[in-house]
Amino acid sequence: MSDDFQVTELAILSGKGGTGKTSVTASLAALAEKPVLADCDVDASNLPLVMSPRVRRREAFSGGLRARIKSGHCVACGKCEELCRFDAIFFDGPGNGRVSRTFRVDEFACEGCGVCAEFCAEDAIELSAADSGEWYVSDTRFGPLVHARLRPGQGNSGKLTSMVREKAMEIARSAGRKLLLIDGPPGVGCPVIASLTGVSLMLAVTEPTPSGEHDLERILALARHFRIPAMVCVNKYDLNPGLTDQIERRACELGATVAGRIPYDPAVTDAQRKCQTVVEHGRGPAAQAIIRLWNNLSRSFSNLQSQPSRPASVR
Amino acid sequence: MKLAVASGKGGTGKTTVATNLAVTLARHGQSVVYADCDVEAPNGHLFLKPEISRETPVSRLVPKVNPERCIHCGACARICRFNAILSLPDRTLVYEELCHSCGGCALVCPTGAITEAPHPIGIVRIGAAGPVQFVSGELNVGEANGTPLVRSVRQSAPTADWTILDAPPGTACLMIETARECDYALLVTEPTPFGLHDLRLALQVARQLKLKCGVVVNRATPPTIDLKQLCDAAQAPVLAEIPDRMDIAKAYSEGRLAVDALPDMQPIFDRLRARLALMWSANQQSLSSNSKQAAGASGEKISARHSRIGEAATAPPNSAAPAQRSPHER
């Protein structure tokens, strides 16, 4: 594939969780022509639940190091506890011949900075790679899916998110697939930033509630911060049409454009129960709205491509 | 009792449960703190509508290199596990956004060229919503790591009969930081395949943290066998079910608390409160009988920790105080 081959990256985000990111992403995957899919919500990955993936490749992931105190070597001097900034060291380890209690590292609080090991006079602290999870490349009925599973309680989800995105991009380039759909995590922190930086377009899915509005403003501010064009879709808009109007106006003031509205439709949950996307499930009101949403997004992709291309290495 | 309201999946109703439960507890004469630890997307204030009495900026420490003292030895870059320092032959560059504020670089610098300076990451707000004491953290947009801010919210929460911590979604750093020193986790789920899948993950985290937990089913339809089996296997009782009704969703969309907007919602939260209170007193009794048998090592650590949190409550960090203390302050 030549170097100027352009892959459009669409990140589906929301700020607030549970607004329908995954249901929308899955349906867009069904409507798009030859997409590659990336599930960047690595600690609560749900896209595979409607995609029935066949895993082709599976790789271990380590998010960093973890400290461990060898209780046999510890003389309980307390230097490690004094230096640790993460409250990760506790004085409740087993005793040895010299001291009745030793220090212990809480693996969940440890960030793997290695300061304790560096300053331990007895060389009693070892660092080893944390087993943080796995990432997968799978086949689905819509195309390749890259997804991951961060082991519960592990940190550094941003690094795993970046890895998922990079693998998906490699696949898109080598397979000549022009659209990469990114199902992002909730929030605005590290894995969201890793899902968003450098994408061609962000679609923010929200809902007409005070929380939905508040968190949409934050995700739009983040998109502006990284100069990513943003579109907005209010899901379950008929729950509060007045607030939907207000949210759409607010989104426009913040520089985004409205891509569509999706009504409340029991078919969305029903499709989920049948491991289907909403548009495969039937042609109810939500499915119709998602098709219109897709048409608007496709038009935006062609507008993006007619603009001067942005450097691919913004990340 | 410190109670984390958590869920694997986002949008299952953590804030609904946390805010309505806080108000219910206060109506039963308990002292209650609501602490919004979902610092990336804090929403509790939209429903509790607190009066804020104090806003405290929170920062974390990042290294500053004094070029006149730097001898370009590269020791700082070598100890940094996060690639936040690049040591070049003629200068030393710091990437603040990658820094985890461990302080290692300042400790190893042989010439004292590195000092640590506060880098603002967000704000902690303290106030009151009627009888409910309110604390909330808001991460600055563009900041990647909210962990120090969650820590700061936890430490700013005054002591009370009940501290309700509204956790961020997911099972990663921020959720762990919220739940770390809690006594109990209330996991909110919905009876959908996504909800069930993510509840399973949340139960795993709770088990790893050795945290007892119970489940609240939101948007409850007649319970599925899967959900019951999952909760039974994890010994996490279903403590409440909030029905799947349009009027509840509408009240939420109007920013109203369910217990205020809908008369039949108060009894649901009353029952939840009663069951939690019962469990808590049973737990206290078993704890006190245990501690009589084995007073010692772990008890000492626990009391030390609690007094530290107590200190933070009576003397909150002054403005721009770093969320993490430097070693010599300890």
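In what order do the nine strands of the open sheet in chain A run? Select chain A and follow the sheet: the order is 3-8-9-2-10-1-11-12-13, and the pairing is mixed. Strands here, like helices, are DSSP runs numbered from the N terminus, with at least two residues (E) for a strand and at least four (H or I) for a helix. Two strands count as paired if DSSP finds at least two bridges between them.

Before going on, note that this is a predicted model: local features need pLDDT of at least 70, side-chain atom pairs count only at pLDDT 80 or more, and totals for chains, interfaces and linings use all residues. Residues are numbered from 1 along each chain as its sequence is written, while chains are lettered from A and ligands numbered from 1 in the order in which they are written.

**Chain A, whole chain**

Chain A holds eleven helices and 13 strands. Its C-alpha trace spans about 75 × 45 × 40 Å along the principal axes. Of its 315 residues, 56% are buried. A residue is called buried if 20 or more other C-beta atoms lie within 10 Å of its own, exposed if 12 or fewer, and partly exposed in between, with C-beta atoms placed from the backbone. Take next the contacts between residues at least 6 apart in sequence: in chain A, 74% of them join residues at least 24 apart. A contact means that two C-beta atoms, placed from the backbone, lie within 7 Å.

**Chain A, the sheet**

Return to the sheet with the order 3-8-9-2-10-1-11-12-13. Select residues 54-61 and 257-262: these are strand 3 and strand 13 of chain A, the edge strands, each pairing on one side only. From one strand to the next, the twist averages 20 degrees. Angles run from 0 to 180 degrees between N-to-C directions, and axes are lines fitted to C-alpha atoms, for helices over the stretch in contact.

Now select residues 230-235, strand 12 of chain A, which runs parallel to strand 13 of chain A and is joined to it by five bridges. A:V232 has A:V258 as its bridge partner in strand 13 of chain A.

**Chain A, strand 11**

Which residues point one way from strand 11 of chain A, and which the other way? A:L201, A:L203 and A:V205 point one way, A:M202, A:A204 and A:T206 the other, and all are buried.

Strand 1 and strand 11 of chain A run parallel, with four bridges; A:I12 stands opposite A:L203. Strand 11 and strand 12 of chain A also run parallel, with five bridges, and here A:A204 stands opposite A:V232. Show residues 210-225 as well: helix 7 of chain A makes a right-handed β-α-β unit with strand 11 and strand 12 of chain A. Right-handed means that, with the strands pointing away from the viewer, the path from the first strand over the helix to the second runs clockwise.

**Chain A, A:L31**

Select A:L31, in helix 1 of chain A. A:L31 is partly exposed because 19 other C-beta atoms lie within 10 Å. Not counting residues up to four places away in sequence, A:L31 touches A:V279, A:I291 and A:W294.

**Chain B**

Switch to chain B, with twelve helices and eleven strands. Buried residues make up 48% of its 330 residues. An automatic or database domain assignment gives domain 1 (2-57 + 122-286 + 305-311) and domain 2 (67-112) of chain B. Their centres, taken over C-alpha atoms, are separated by 40 Å.

The nine strands of the open sheet in chain B have the order 3-6-7-2-8-1-9-10-11, with mixed pairing. Strand 3 (51-65) and strand 11 (238-243) of chain B each have a single partner strand, so one side of each is left without a neighbour in the sheet. Select strand 2 (residues 32-36) and strand 7 (residues 132-139) of chain B, which pair in the parallel sense over five bridges; B:D36 has B:S136 as its bridge partner.

End at residues 147-156, helix 5 of chain B, where nine of the ten residues are buried. Among them are B:L149, B:V150 and B:V153.
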